[in-house]
Amino acid sequence: MDATDEAVFAAYHRQDRSRKTLQLMAGAVTLFAGVTLVALLGSAGSAATVVAQTPLAVPTATAEPTATPAVVAVALPAPAADVVPSVAPAPIDDGPWRIAIDTSGYQAELDACLWVRMDLGAVAPIVGAHTSCGGSVILEMATGDPVVLTGTGLDGAYLVADSRDAEVGAVAATATAGLTADVILQTCYPGADGRVRLVALVLGQDS
């Protein structure tokens, strides 16, 4: 073999080794990629399994409790301070007591020396006047007495059915509990003892 042949033979073997090296490197890369893919798939599968076994808890809205509306407790009105006296209604020829109700309201209207309809949550509307403004007739009424009312939607002929005393400032619903009445009359007793008289009226048969 001459020098030229030896050079060709050596070049051939170098190329062959290079091809084998490239093949080995390509195989290694393929093997690495395959292992990496398997690892990734395995990791993803494990993660999927964990997620399936332990689902995230979804918070649920908690309904706020509905507040129950508060019941307003209204007290019976207070006695008069300084008011202008008026003439009290009186029976005519032994007839019924007659009361003309001036307005609806509460303490301010009472202190204006008026007959006042008061809707205080009692068993019936309360009609009152200060004793010095005509309310003293309520202290004279007895069971069975006829009473005629006019004004504020309470027009009619009534009879006295019952009566009781209560304390000034008492809750109207509590003070009138147990009374059978279509209308309740109220006035204060004279003096400063803090008592009021409540007279229960029921509609007469002719009303």
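Select the eight strands first: they form an open sheet with mixed pairing, in the order E1-E5-E6-E8-E7-E4-E3-E2. Strands here are DSSP runs of E with at least two residues, helices are runs of H or I with at least four, and both are numbered from the N terminus; two strands pair if DSSP finds at least two bridges between them. This is a predicted model, in which local features need pLDDT of at least 70 and side-chain atom pairs count only at pLDDT 80 or more, while totals for chains, interfaces and linings use all residues. Residues are numbered from 1 along each chain as its sequence is written, and side-chain values use heavy atoms, without hydrogens and water.

Next, select residues 97–100 and 103–104, the edge strands E1 and E2, each of which pairs on one side only. E2 pairs with strand E3 (residues 116–118) in the parallel sense over two bridges; Thr 103 stands opposite Val 116 in E3.

Then display the whole protein chain, with its four helices and eight strands. Along the sequence the pattern is α-β-β-α-β-β-α-β-β-α-β-β.

Where is the largest cavity lined? Select Pro 77, Ala 78, Leu 110, Met 118, Gly 128, Ala 129, His 130, Gln 186, Thr 187 and Cys 188. A cavity is a set of points, on a 1 Å grid over the protein atoms alone, where a 1.4 Å probe fits but cannot get out; lining residues have an atom within 4 Å of a point. Strand E7 (residues 183–188) gives the largest share of this lining, three residues. The volume of the largest cavity is about 50 Å³.

Conventions
1 Å grid on protein atoms, 1.4 Å probe; cavity = no way out; pocket = protein on both sides within 12 Å on 5 of 7 lines; lining within 4 Å. Points joined across faces, edges and corners; volume = space filled by probe spheres on them.
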